[in-house]
Every structure is written in C-alpha cells, then in structure tokens.
Amino acid sequence: MNIGKFSDFKEGVRDAVPIFLGYIAVSFAFGIESSKIGMTVVQSAMTSLLNVTSAGQFSALKIIHENGSFIELAVLQFIINLRYMLMSAALSQRLDPRLGTLHRLGISYGVTDEIFGVSVLKKGGLYPMYSYGLISLSVFGWVLGTVLGAIAGQIMPQRLISCLGLAIYGMFIAIIIPDTRENKNVRAVVVIAMVLSTIFAFAPFLNCISSGFRIIIITVLVAAGAAKVAPVREEENE
Amino acid sequence: MNNVYAYILLMAVVTYAIRALPLTLIRKEIKSTFIRSFLYYVPYATLAAMTFPAILSATDSRFSAIAGFAVALILAFYKKSLLTVAGCACAAAFLVELFIR
C-alpha cells in the first residue's frame with residue numbers, strides 16, 4: 001500500500017495556496033461574527049479547527065447565541081453538511097481499496113467543498129500524503145483567519161465590520177450561481193429556495209420557525225422535490 | 001451561552017461522522033438515483049435559503065446590502081473566484097455606506 005512520499009505532501013501544500021487565501025477571508029468573517037455573539041477567541045478557533053465547515057459554523061452561531069436545543073444543532077449540521085457524504089463517497093472511489101482505516105479517517109477530516117474539489121480532480125491516484133498537505137495549509141488558513149477576525153473584529157471600525165458581514169454570503173453566491181447558468185434545474189432550485197426562504201421569514205406563523213429549522217425544512221422540500229421532478233443522470237452530475 | 005463547548009463538540013462529532021462514514025464504510029457506489037439527485041441538489045437549496053433574505057440584513061444599511069448582493073450576483077455569474085466575489089461584495093457595500101452617511 002502506497003501512502004505517498006514527502007514530495008506529495010509538498011505538492012498538496014502548494015495546491016492549497018488559493019484555498020488558504022480564500023479561507024482566511026471567509027473565516028475572518030466567521031471570527032467577527034462569533035465574537036459578536038460573545039464567543040472567546042479560543043472557542044472560535046476551536047470551532048474552526050474541529051469543524052472546518054463554513055456554512056455549518058455560521059448557521060451554528062445563531063443556535064449557540066439563542067441557547068437553541070442540541071437536537072436542532074445536530075439536525076441542522078447534519079442537513080447542511082450532508083453534501084460531504086456525497087463528496088466523501090466520491091473520494092473513497094479515488095483511494096487505493098487497500099488503504100487502511102486510519103488514513104481514511106485522516107482524509108475524512110478535510111472533506112470540504114474546496115479541498116474535495118482539488119483532491120477529486122488530482123491526476124493519477126490520490127495519496128494520503130497529498131491530502132494531508134492540502135488539508136494542513138487549508139485548515140491553517142481557516143483557523144488563522146478565525147483568530148484574526150475574532151481579535152480584530154473587536155477593534156475594527158463598525159462600518160468595516162458591517163461590510164465584512166457580506167463576505168460569507170458572497171462566498172455562498174460564488175458557489176451556487178455559476179452552476180445556475182448551464183443547469184436550469186439548479187437555477188430553479190436556487191430561485192425556489194430563495195422565494196420560500198423569504199416567505200418563511202416574513203409570513204405570519206411561518207416566521208415563528210427558527211432560522212435553523214427553516215433552512216432544514218426548505219432544503220429537504222426543495223432538494224427532494226427537485227430529485228423527484230428532475231433526477232440527476234450520471235453524466236449531468238459533473 | 002452556557003454550554004458553548006458542548007455545542008462545539010456536538011457539531012464537530014456530527015460533521016466528522018458525515019465525512020468519515022462514507023470514506024470508511026461505503027466502498028460501493030450509491031445506486032439510488034433519488035438519493036444521488038437529492039444529495040446533488042442539497043447544497044444549492046441550503047446555500048440559497050441561507051443567503052436570501054438574510055443577506056439583506058447582513059450590513060447596517062439595506063442599501064449597502066443590496067449593492068453588495070448585486071455585485072456578488074454579477075461577479076458570480078461571470079464565474080469569478082470565491083475570493084473576488086466575496087471581496088468585491090464587501091467593497092461595494094463599504095463604498096455605498098461611505099456615500100450615504
């Protein structure tokens with residue numbers, strides 16, 4: 001069983017530079033948001049180090065702030081991060097079938113949208129050493145940005161902080177919008193989810209539902225509906 | 001805000017389990033078209049629902065939020081990188097806030 005060499009690790013680190021830069025910007029916003037709800041720098045850094053999931057972490061802040069239930073947090077994380085299951089399943093096909101469980105657990109830690117994107121496109125086999133290089137620098141950027149945001153968030157002018165609040169939404173938009181150009185089903189999913197979300201946010205009674213469960217309900221409704229109406233064929237998936 | 005560490009650990013365990021289970025257990029490909037399709041659409045539905053209408057109240061002024069949203073949509077439509085889209089959305093909102101105050 002070949003787990004790769006140190007040169008594979010270095011190659012992974014080099015390929016992670018763009019991810020590193022992007023992560024600093026996004027996790028900076030997370031650091032600011034987490035300090036806003038009163039989390040300490042250590043708690044923010046720990047959250048980023050243990051979770052490495054932008055959408056999941058941002059959505060958790062609201063629940064933590066409101067002392068929401070553990071069930072709500074667990075279900076929300078499960079739904080929001082469900083896509084990692086598909087990525088993880090796809091990555092498992094790229095690994096040497098003989099690769100041991102320990103290395104599989106190591107690679108699992110770094111399954112994010114961006115790290116997955118780079119790993120799955122890697123030419124030739126995917127070696128654990130390469131993944132570890134990729135994960136190391138990416139996660140370093142993720143935690144570093146969080147710490148900087150959590151510290152600087154308290155000394156930066158309000159007007160600047162106010163604008164940085166847009167960073168995470170900008171990132172979400174950058175992830176979902178490009179695919180709406182070619183794929184009309186994705187376009188419909190995005191538009192319907194936004195419309196439903198607006199209705200849930202403002203309509204009487206519906207606006208009593210917490211934002212966490214609102215996202216869960218909308219995701220399940222829209223994704224299941226889309227899967228029923230417009231099932232994805234293998235070749236359309238890529 | 002009493003059990004912050006409990007919240008952090010809980011979400012870490014859930015998120016890690018999601019990542020680790022398929023990589024360690026599932027060696028065969030998922031066959032069900034419905035489940036595959038559902039998982040394919042999940043990120044789009046989730047991120048869209050999280051973004052709108054929340055983005056409208058992400059800044060201190062609705063005008064700067066709308067400006068940032070518009071800039072992000074346009075740049076994302078032209079497939080600019082994550083960093084460019086997020087950065088320019090912030091910059092657009094900042095400029096608008098400078099202007100209106």
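Predicted model: local features only at pLDDT ≥ 70, side-chain atom pairs only at ≥ 80, totals over all residues.
**View 1. Chain B on its own, a chain of helices.** Let's start with chain B, whose secondary structure comes to 4 helices and 0 strands. Along the principal axes, the C-alpha atoms of chain B fill a box of roughly 55 × 40 × 20 Å. Of its 101 residues, 50% count as buried. If you look at contacts in chain B between residues at least 6 apart in sequence, 40% of them join residues at least 24 apart.

**View 2. Where chain B meets chain A.** Here 61 residues of chain B are in contact with 82 residues of chain A. Which helices of chain B supply at least two residues each to the side that touches chain A? They are α1 (4-24), α2 (33-51), α3 (62-77) and α4 (82-100) of chain B. The helix that gives the most to this side is α2(B), with 18 residues. Sorted by class, the side of chain B that touches chain A has 44 nonpolar, 10 polar and 7 charged residues.

**View 3. The largest nonpolar core.** This view turns to the largest nonpolar core, which has 108 residues. A45(B) and A86(B) are the residues with the most contacts inside this core. Helix α2(B) gives the most to the core, with 11 residues. Domain 1 (6-164) and domain 2 (183-230) of chain A both give residues to the core, so the core lies between them.

**View 4. A closer look at A45(B).** Which residues does A45(B) touch, leaving aside those up to four places away in sequence? The list is V189(A), A193(A), I218(A), T219(A), V222(A) and A223(A).

View 5. The domain assignment divides chain A into domain 1 (6-164) and domain 2 (183-230). Their C-alpha centres lie 25 Å apart. How many residues does each domain bring to the contact? Domain 1 of chain A brings 8 residues, and domain 2 of chain A brings 7 residues. On the domain 1 side, the elements that give two or more residues are α4 (54-65) and α5 (70-80) of chain A. Of these, α5(A) gives the most to that side, with 4 residues. By class, the side of domain 1 of chain A that touches domain 2 of chain A has 4 nonpolar, 2 polar and 2 charged residues.

**View 6. Helix α7 of chain A and its two sides.** Our last stop is helix α7 (residues 101-108) of chain A, whose buried residues are H103(A), I107(A) and S108(A). Why do these residues line one face of the helix? Seen down the axis of α7(A), the buried residues fall within an arc of 145 degrees, so they line one face. On the other side of α7(A), T101(A) and L102(A) are exposed. What covers the buried residues of α7(A)? The cover includes α6 (83-92) and α9 (128-152) of chain A, together with α1 of chain B.

Key. Residues numbered from 1 in each chain as written. Chains lettered and ligands numbered in written order. Contact = placed C-beta atoms within 7 Å. Nonpolar A, V, L, I, M, F, W, Y, C, P; charged D, E, K, R; others polar. Core = buried A, V, L, I, M, F, W, Y, C linked by C-beta atoms within 7 Å. Buried ≥ 20, exposed ≤ 12 C-beta atoms within 10 Å, placed from the backbone. Domains from an automatic or database assignment. Arc of directions from axis to C-beta.
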